[in-house]
Amino acid sequence: MRQLLVIVLAAGEGTRMRSALPKVLHAVAGRPMVAHVLDAALAAGAAQIAVVIGPDHDKVAAEVRRVAPQAEVFVQAERRGTAHAVLAARAALERGYDDVVVMYGDTPLVRPDTLAALRVPLAEGAGVAVLGFRPADPTGYGRLVTEGGELLAIREEKEASAEERAIGLCNAGLMALDGRAALDLLDRVDDANAKKEFYLTDVVAIARTLGRTAGVCEVAAEDVAGVNSRAQLAEAEAILQQRLRARALEAGVTLVAPETVFLSADTSFGRDVVVEPNVFFGAGVRVEEGATIRAFSHVEGAHVGPGAIVGPFARLRPGAALGQGVHVGNFVEIKASDLASGVKVNHLSYVGDSSVGANTNIGAGTITCNYDGFRKHRTTIGANAFIGTNSLLVAPVSVGDGAYLATGSVITDDVPADALAIGRARQVNKPGLAARLRARLSSGVAPKA
Ligand code: UD1
Ligand code: MG
């Protein structure tokens, strides 16, 4: 097995994003771009990952540690070009890996297979291998200068002749280097060019002068789409959504109108899940076998148990955990709450910071009052309980197994198991008083025309 070092360049400013956030932290499918790139590096079997970030990019470093705790982070103090950025990871290169693959932090759609394909020429003796693609508009990309199928050099747009600019095959950015030769190649790169930058792409011509060959792999343009603007971020999002929908369908999920369902990279579905139109899945959702997510629901950080039914128009927020066969109906919001199997919350309710035992029925308009303006408090409801319509449970409070809350109750004290709790003003009927009241109120008022 050849040992692989992946170097991720993420020192870009991303000025065209017009954002306070470093570019590589902008998300596609609910996950920062750099996390997608790290996922691909890990899936490709990287023995080590080195990420090169810009100064003051502590947030990028934190995200890297979260996704790939074993990765090393290097800071490129000054932006002096892509070869200069790779050399910021010199300490990692000096350890001597078999293969080195350079990836860009703003190219989130790269597939692990592409990394594998790029390493094939190295195994066959090439000094470097680059990834080629044919963009609709090649402006701005380095052109791959070939002769008889052999790669001679990569010419950056600024240095390219008119003839070279006419070349349609461009450099996607990903590059693989023979790990034993990488430092020697990189140290020979200079900044004698239009941008006064150390171009990583120069290593192709340098390798050839040292008698090494350079390989090319070609991929579909959409796999290597780079993100430099919000418009390109939206394009990358659209491509990734297509892939995620295809993956869900392939896994046995029914998407009634796939193009209206928005998924996160980590959305996980069991077989025979049905998702109706216009549903949004934020990060961290697991939906188990046979569950149905009905139209216009918003689901994030939630676990939906087997056979559960959610929506239409439901909102599951982080920490919502629904057991087997739970029903959560229209205009219901669930946050940080465990609903055991068979629980029903079908209409117009808020259940937050709560646990609800099996088969309890929560009536329409029930609210757990979990916040006092300073702290969140928990509500505990047992199994087989009945929470009457329009009840308010003022947390912290608990309701025992089998208890029954009368409709319209405001529950401030714990309710023992099997008790009936009535927490509302008593009704008073005054016979005949309606007619007298009407007479009094209407005196001196002209009847309506
Ligand atoms: C680069 C390639 C070009 C290729 C294109 C594909 C070079 C010289 N050119 O051009 O052949 O067609 O990508 O998109 O490599 N970076 C740093 N530090 C630096 C400079 C860049 O970390 O000092 C990072 C950037 O954050 C980015 C990546 O390297 O992730 C590429 O840099 P960028 O300036 O976008 O290069 P391009 O001009 O697009
Ligand atoms: Mg670029």
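These questions and answers walk through a predicted model and the terms used for it.

Residues are numbered from 1 along each chain as its sequence is written, and chains are lettered from A and ligands numbered from 1 in the order in which they are written. In this predicted model local features need pLDDT of at least 70, side-chain atom pairs count only at pLDDT 80 or more, and totals for chains, interfaces and linings use all residues, while side-chain values use heavy atoms, with hydrogens and water left out.

Q: Why is R31 called buried?
A: Buried means under 20% relative accessible area, exposed means over 50%, and partly exposed lies in between (1.4 Å probe, protein chains only). R31 has 19% relative accessibility, so it counts as buried.

Q: Where does R31 sit, and what is it in contact with?
A: R31 belongs to strand 3 (residues 31–32). Strands (E, at least two residues) and helices (H or I, at least four) are DSSP runs, numbered from the N terminus. Contact means heavy atoms within 4.5 Å. Neighbours within four places in sequence aside, R31 is in contact with H26, H36, D39, R66, V67 and A265.

Q: How do you know that the span of helix 9 agrees with its number of residues?
A: The expected span of a helix is 1.5 Å times one less than its number of residues. Helix 9 (residues 230–250) has 21 residues, so it should span 30 Å. Its end C-alpha atoms are 30 Å apart, which agrees.

Q: Which residues of helix 9 are buried, and what covers them?
A: L233, A236, I239, L240, Q241, R243, L244, R245 and A248 are buried. Their cover includes strand 2 (27–28), helix 1 (33–43), strand 12 (254–255), strand 13 (261–262) and strand 14 (268–269). Just after helix 9, G252 has a positive phi of about 95 degrees.

Q: Which residues are closest to ligand 1?
A: They are G12, Q76, T82, E156 and N171, out of 19 residues that surround the ligand. A residue is near a molecule or strand if one of its heavy atoms lies within 4 Å of it.

Q: Why is R424 called partly exposed?
A: R424 has 47% relative accessibility, so it counts as partly exposed. R424 is found in the loop between strand 38 (420–421) and helix 10 (433–442).

Q: What does R424 reach?
A: Apart from neighbours within four places in sequence, R424 is in contact with A406, T407 and G408. A polar atom of the R424 side chain lies 2.5 Å from the backbone oxygen of T407.

Q: Which residues does UniProt list for "binding site"?
A: The unreviewed UniProt entry lists A364, N370, Y371, T407 and R424. UniProt positions are in the numbering used here, feature names are shortened, and annotations may be inferred rather than shown by experiment. Of these, Y371 lies in the loop between strand 31 (367–369) and strand 32 (379–381). The Y371 side chain reaches the backbone oxygen of G373 at 3.1 Å.

Q: Is D353 buried or exposed, and what is its phi?
A: D353 has 10% relative accessibility, so it counts as buried. Its phi is near 50 degrees, a positive value in a residue other than glycine. D353 lies in the loop between strand 28 (350–352) and strand 29 (354–356).

Q: Why is Y404 called partly exposed?
A: Y404 has a relative accessible area of 42%, so it is partly exposed. Y404 is in strand 36 (residues 404–405). Beyond neighbours within four places in sequence, Y404 is in contact with F386, A419, L420 and A421.

Technical notes:
A polar contact is a pair of N or O atoms within 3.5 Å; within protein, one must be able to donate a hydrogen and the other to accept it, and residues adjacent in sequence count only if both atoms are side-chain atoms.
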